[in-house]
Amino acid sequence: MRIDKQFKITFAADNFGLLDAFGLEQEHIFEPFKDLELPDVPPLITHIVGESGSGKTQLCNILSYQWGFRPMLIPDNDVIMCELMGNSKEQVDNSIYYLNYVGLSDARLYYTQFKYLSDSQKFRACIAYTLLSKTDEKGFIIDEFLSTLDRETAKSIAFLIQKLVRKKNIKVILATAHDDLIEYLNPDLLIRGYAFPERFEVVNTLSVLP
């Protein structure tokens, strides 16, 4: 699959000559995905790492369309964490199992409604809820993956999540500006984005693992 998509950006009127000073035109063709070759069939774990402004979200949107992936799901505000998928004993046990994988292992959180979680906890609850949902979906996109967590916690949770998605055979695209999760995710496809000059490239995972 070859991606060759462009976006036109028109800068605001320049009254101070700054565009000329930086060698910019009034209109800019943003094409970080030019000649980007990706597999027709998505692998299990695709990891997109890119600087802010490199176009990670646009690439996620393109892949969502090309591969038929869905964005991360969000539970209703009043849903109790241990009842993410229902309130039968089996469903509660399964919800707790997934919550533990995303680092929500405090027993008090099991009986907390989604709306009372912190932003970081909500994000992780959304990951658990997404992975708990029907696995007949083609795959899921999780943008800003673990971006708000302290990095040591993020590494630990990234390792657990990659174990879970491999065990459950759930295809995911995980996008983040942080490049410290690669060895913990050990992705099947690693795509790295750069803001200046704008471009994305496929990276051999083995070349970046310690």
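Predicted model: local features only at pLDDT ≥ 70, side-chain atom pairs only at ≥ 80, totals over all residues.
Two packed helices are described by the angle between their axes and the distance between the axes. Helix α3, residues 89–101, packs against helix α6, residues 151–168, at an angle of about 135 degrees, and the axes lie 8 Å apart. The two helices are therefore oblique to each other. On the α3 side, the contact is made by Y97, Y98, N100 and Y101; on the α6 side, I157, L160, I161, K163, L164, K167 and K168 take part. Sorted by class, this contact holds 7 nonpolar, 1 polar and 3 charged residues.

Helix α3 also contains L99. Buried residues have under 20% relative accessible area, so L99, at 1% relative accessibility, counts as buried. Beyond its neighbours within four places in sequence, L99 is in contact with M81, C82, L84, L104, S105, Y110 and A128.

In soluble globular proteins, nonpolar side chains tend to be buried together. Here, the largest nonpolar core has 39 residues, and those touching the most other members are I127, L131, F145, L146 and I161. At least two residues of this core come from each of α3, α4 (107–110), α5 (119–132), β7 (140–142), α6 and β8 (172–176). Helix α5 gives the largest share, 7 residues.

What does I127 touch, leaving aside its neighbours within four places in sequence? The contacts of I127 are M72, V102, I142, F145, L146 and I161.

Definitions and conventions
Residues numbered from 1 in each chain as written. Heavy atoms only, no water. Axes fitted to C-alpha atoms, helices over the stretch in contact; angles between N-to-C directions. Helix = DSSP H or I, 4+ residues; strand = E, 2+ residues; numbered from the N terminus. Parallel < 35°, antiparallel > 145°, perpendicular 65-115°, else oblique. Contact = heavy atoms within 4.5 Å. Nonpolar A, V, L, I, M, F, W, Y, C, P; charged D, E, K, R; others polar. Buried < 20%, exposed > 50% of the residue type's maximum accessible area, 1.4 Å probe, protein only. Core = buried A, V, L, I, M, F, W, Y, C linked by side-chain atoms within 4.5 Å.
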